[in-house]
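Colleague: Please take a close look at one part of this model, and give me one connected account of it.

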Protein chains: 2
Amino acid sequence: MFNNSNHAYIKDGWFREINDKSFPGQAFTMAVDSILYQAQSEFQDILIFRNKVYGTVLVLDGIIQCTEFDEFAYQEMITHIAMFAHSNPKRVLIIGGGDGGVLREVAKHSCVKQITMVEIDASVIELSRKFLPTLSDGAFEDERLDLKLCDGFKFLQDIGDSGLQNRYDVIVTDSSDPEGPAEAFFQERYFQLLKNALNPNGVVIMQSSENIWLNLNYLRDLKNTAKKVFPNTEYCYTMVPTYTSGQLGLIVCSNNASLSLANPQRVISEQEQEQLKYYNPQIHSSAFVLPTWADMIINK
Amino acid sequence: MFNNSNHAYIKDGWFREINDKSFPGQAFTMAVDSILYQAQSEFQDILIFRNKVYGTVLVLDGIIQCTEFDEFAYQEMITHIAMFAHSNPKRVLIIGGGDGGVLREVAKHSCVKQITMVEIDASVIELSRKFLPTLSDGAFEDERLDLKLCDGFKFLQDIGDSGLQNRYDVIVTDSSDPEGPAEAFFQERYFQLLKNALNPNGVVIMQSSENIWLNLNYLRDLKNTAKKVFPNTEYCYTMVPTYTSGQLGLIVCSNNASLSLANPQRVISEQEQEQLKYYNPQIHSSAFVLPTWADMIINK
């Protein structure tokens, strides 16, 4: 189980993110100082290793999910763009996010009364708490947390069936990429379920699994799929050096067509800002500004 | 010379940007479909290969300089941020830029009357024109161009000695990284020479060779070095997927302390915008917005 040389993604001491379907012709590679964990869970292949610059690295099905060094760029942006695009979020739902990073960021908002987190793979939570404890940073102990170990898609379907619609102010979809257990999270039916689970002024944000350099037409299609369901849909992104192309797209949606998602809807307090390393109101708005060629395809 | 297997940076058909000094513990890799050229010039190791996604790739001393697919992100931003931060640039100096990309972008501005380009390595020009013709896109034939094959540092010194100070409205320093022939371009004496060559309202921009993830303290120091010479110095960046961390920092300076470098100083015409794939006025300003932790080190 703790084999140091036979892992398919590691060769000559380097982890290689080779994936000819998702990133043809290119691969980010990281030197492996030591392998901390390696196994096949019920749902996916899990690899955790140490790198001298990036610290502990979590890999699912061969794709880098987060590293200690740069994780805040992803966790803060996917969380706070949605949280500050809402004027007073009280009930928050996290789909996925087993590493605890989004949970940690949501928990920083004192206005939040209830956090529901739905993760399908208990071993990701367990291993992240053990090997990447700074990601959740104690947030799994937060009294506002209601943790559910089940499929996020099914959880949203059950909400619909039970008549508990319009519950959440913010929903963060922090899934892995569409290949694998998260496949259903990138289709129209999922956006419909999100809409049913959201309050009228609610905001939903999801990682797109792509960026403008890698798959611009896919992003256009994904945004158009979301638009069929939500009258207000925007594309923005965060910059993460260990993700392909150094950036990752996010899709943000609301039922409220007049809500300006690119602008924070409340003033960030000094105390809130002090807790954040990456997010600030200026970078919130900048994250929605695209290079011309990408803007013309995604936003026209 | 056209050896397909023995190049130090290529192994098992993959080019590996391994550089333990500049990017320890990580390496971007690209599949090599074919090697177009490989040799040691008088100044540096030159490698040109084909990749199925990025097209033709130019590598100097083991560092990716540009690829056909994403070069416009660098060429447009380093050029047009400086060009639009000036209200009416007529005389432009390019230091380096042998691939012709910055020249192509400068030549798009009809207000420009004279372009001086100083490149030390004639073979970079020659090989780029042969293997990467879309980079210069005919701009080497531009009648406004005065091309000088010499050392940029010495060229600026000679300007000082000859009494031809205050000549240029915009200077773009498009050098390779400090390791190698471009070493002198990252020191205080160089900024002093740039200042001497610049008009009072002139704008100078240079590639920093680093980004906020890779070497934040170096960027703070480089900006502070520039600040000793220029009262107005800012850091901004462009996003390029084949550069380490997916982004590259730029240092922008002016003698005019009241000039807002983060805002275009003239309206971009529809005709000008149509010629650009990446740059637009919104991304000009966004390029100066940093994540909080980097902002606090670079700008405080």
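Modeller: In this predicted model, the side chains of Lys52(A) and Asp20(B) meet in a salt bridge at 3.4 Å, N to O (a Lys or Arg side-chain nitrogen within 4 Å of an Asp or Glu carboxyl oxygen). Four salt bridges are counted between chain A and chain B. The contact (heavy atoms within 4.5 Å) takes 42 residues from chain A and 42 residues from chain B. About 3,300 Å² is buried between the two chains (accessible area lost, 1.4 Å probe, summed over both), and carbon and sulfur atoms give 61% of that area.

Within chain A, the axes of helix α5 (residues 152-162) and helix α6 (residues 188-197) come within 9 Å and cross at roughly 50°. α5(A) gives Phe153(A), Leu156(A), Gln157(A) and Ile159(A) to the contact, and α6(A) gives Arg189(A), Tyr190(A), Leu193(A), Leu194(A) and Ala197(A). By class, seven of these residues are nonpolar, one is polar and one is charged.

Within chain B, helix α6 (residues 188-197) packs against helix α7 (residues 216-229) at about 45°, with the axes 9 Å apart. α6(B) and α7(B) are therefore oblique to each other. Glu188(B), Phe191(B), Gln192(B) and Lys195(B) of α6(B) touch Leu222(B), Thr225(B), Ala226(B), Lys228(B) and Val229(B) of α7(B). That contact has four nonpolar, two polar and three charged residues.

Residues are numbered from 1 along each chain, and chains are lettered from A in the order written. Local features need pLDDT of at least 70, side-chain atom pairs 80 or more, and side-chain values use heavy atoms.

Key: Axes fitted to C-alpha atoms, helices over the stretch in contact; angles between N-to-C directions. Helix = DSSP H or I, 4+ residues; strand = E, 2+ residues; numbered from the N terminus. Nonpolar A, V, L, I, M, F, W, Y, C, P; charged D, E, K, R; others polar. Parallel < 35°, antiparallel > 145°, perpendicular 65-115°, else oblique.
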